[in-house]
Amino acid sequence: MDCSLRSLDGPWGGSYHRPAVANSPRVRFAPSPTGYLHVGGARTAIFNLLYARHHGGTFVLRVEDTDVERSRQHHAEQIVQSLQWLGVEWDEGPVFQSDRLDLYRRRANQLVEEGKAYRCVCTLEQLEAERAEAERGGRQYRYSGRCRASREEVSPSTPHVIRFQVRSGPIRFHDHVRGDVEFDGELIDDFVLLRSDGNPTYHLSVVVDDVDMGITLVARGDDHLSNTPKHVLLFEAFGAPAPEFAHVPLILGADRKRLSKRTGATSVEEYQSLGVLPEALFNFLLLLGWSPPAGREILTRKEAESTFELSDVHRSAAVFDVEKLLWLNHQYIQSRPAEELVPKLLPFLGENEGDREALPEIVRMLQPRARTLREMADQARPFVTSGDIGYEPEAVQKHIRGTELLPRMEALRAALTSAPAFDATATEAAVRKLAEESGVSAAKYIHPLRVGLTGRTASPSIFEVLAAMGKEKSLSRLDRLIEQIPLLAGSPD
């Protein structure tokens, strides 16, 4: 994408103006643009979207880009593109936190003025010394609170951070997935709201935005569970009702550890490039931690919207089973009209797309065999390549051998040439009649012919291949095989 997301009209606008809609659930998906859209993040977006649609609510897309060292505009663009490809449609946004820095600073200073936060001038050296002392004493480190106790006046020119003053006592909230949750305020540090460079921390910006945008439910990964008591305290401090929460379990790899590059692809973009259909990936991610009624595995978007509830999300972590995803993608490929798949297949064919009018028939032939569009493109290559094809060494070794092969293939060419039609039925009848008259099995003709036409040992029915390639290309490929046989075949039959 060449232009900034902020410069686009409509749903891409960077500014935020919340419409007044009473009693309407409001949820948000808030990725950080520090990399591609992780499949775990995509699942969170799907859960939020379906909750909003099921309850007639609003889905907000918010880009949390206040980490100036790690956030990148091109990652924001890639995340938005991945969401669009996946079919995750937001109602408002994307809203960029980097456009709202003054708001966060005002809110932090407001808490200072109200005595709910304070300016801390402790240096990094002082904090490190405190940490080292705690480690030597075998204690878990917590900020000593020296600036909280002193409450000294701090000049704006003096380097400082703003810390929130954590109250003692229990901090309770209800979670749609985990039920009632309680934390002890005594165990939570006075956390930083505003850094010394004036940029907000995650805790401040996320709560200010959730208040400002009227978010009524926060659904996110359960790695954020430990952040939630801090956020509940901030909602209290701002005098705003805390939203409901739903902390969904993380996604694990096949090794039962957190999903990572080491165990396979982790981003939506990677699965797009592998040739997974967006509706298949959407369906697959939906099933990671949630089960539809009656145990169905393939659901339309409307069916998902009508049945999804966050309270039905499992508490245990889900395992990302790539083979299950490929199986599901295969089901979607088989169920789609060939004409619908052709434009999706073209990017994987590249320059070798061949005759577009012939592609629907080729796709129909390959649908039962291909698990991904990339696999289909590879299987289609012999059909769409206009020039000569190469022969797989394994195919040559297995089927292009024996002194009888050359006259056999010459006889086969003559039989195919004189077939009354060049469809699957007529070519099969011609080959089987030739085999019967020559006293050998039809396989003696079929397997070498497959190598000649596709260069491979495996393909759809050879008679479907002949029909899909057409008479001119099929006979041309067979002629080339006949020319090559003296060089390729040498051992006795």
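**View 1. Helix α12 and the residues that cover it.** At 1.5 Å a residue, the twelve residues of helix α12 (residues 338–349) should span 16 Å, and this agrees with its end C-alpha atoms, which are 15 Å apart; the expected span is 1.5 Å times one less than the number of residues. Helices (H or I, at least four residues) and strands (E, at least two) are DSSP runs, numbered from the N terminus. This is a predicted model, in which local features need pLDDT of at least 70 and side-chain atom pairs count only at pLDDT 80 or more, while totals for chains, interfaces and linings use all residues. Residues are numbered from 1 along each chain as its sequence is written, and side-chain values use heavy atoms, with hydrogens and water left out. The buried residues of α12 are Ala338, Leu341, Val342, Leu345, Leu346, Phe348 and Leu349, where buried means under 20% relative accessible area, exposed over 50%, and partly exposed in between (1.4 Å probe, protein chains only). Seen down the axis of α12, these buried residues fall within an arc of 155°, so they line one face of the helix; the arc is that of the directions from the helix axis to the C-beta atoms. Their cover includes α8, α11 (322–335), α13 (359–366) and α14 (373–384), with contact meaning heavy atoms within 4.5 Å. Just after α12, Gly350 takes a positive phi of about 65°.

View 2. Three strands form an open sheet in the order β4-β5-β8, with antiparallel pairing, and two strands pair if DSSP finds at least two bridges between them. Because β4 (117–120) and β8 (192–194) stand at the edges, each with a single partner strand, one side of each is left without a neighbour in the sheet. The twist averages 40° from one strand to the next, with axes being lines fitted to C-alpha atoms, for helices over the stretch in contact, and angles running from 0 to 180 degrees between N-to-C directions. Four bridges join β4 to the antiparallel strand β5 (residues 161–164), and Cys120 stands opposite Val161 in β5. Helix α3 (residues 101–113) packs on the sheet, where it touches β4, β5 and β8, and its direction makes about 100° with that of β4.

**View 3. The nonpolar cores.** In the largest nonpolar core, which has 102 residues, Leu285 and Phe320 touch the most other members; such a core is a set of buried Ala, Val, Leu, Ile, Met, Phe, Trp, Tyr and Cys residues joined through side-chain atoms within 4.5 Å. Helix α1 (residues 39–54) gives the largest share of this core, nine residues. Not counting residues up to four places away in sequence, the residues that Phe320 touches include Val39, Ile251, Tyr271 and Leu285. Another core, of 35 residues, lies apart from it and has Ile188, Val206, Leu225 and Phe235 among its members.

**View 4. Strand β10 and its parallel partner.** Four of the five residues of strand β10 (residues 244–248) are buried, so this strand is largely enclosed by the rest of the structure. Strand β9 (residues 217–221) pairs with β10 in the parallel sense over five bridges, and Leu217 has Glu244 in β10 as its bridge partner.

**View 5. Two details of the backbone.** Most residues other than glycine have a negative phi, and most peptide bonds are trans. Arg256, although not a glycine, has a positive phi of about 65°; Arg256 is exposed, with a relative accessible area of 61%. The peptide bond from Gly93 to Pro94 is cis, with omega near 0°, and Pro94 lies in strand β3 (residues 92–96).
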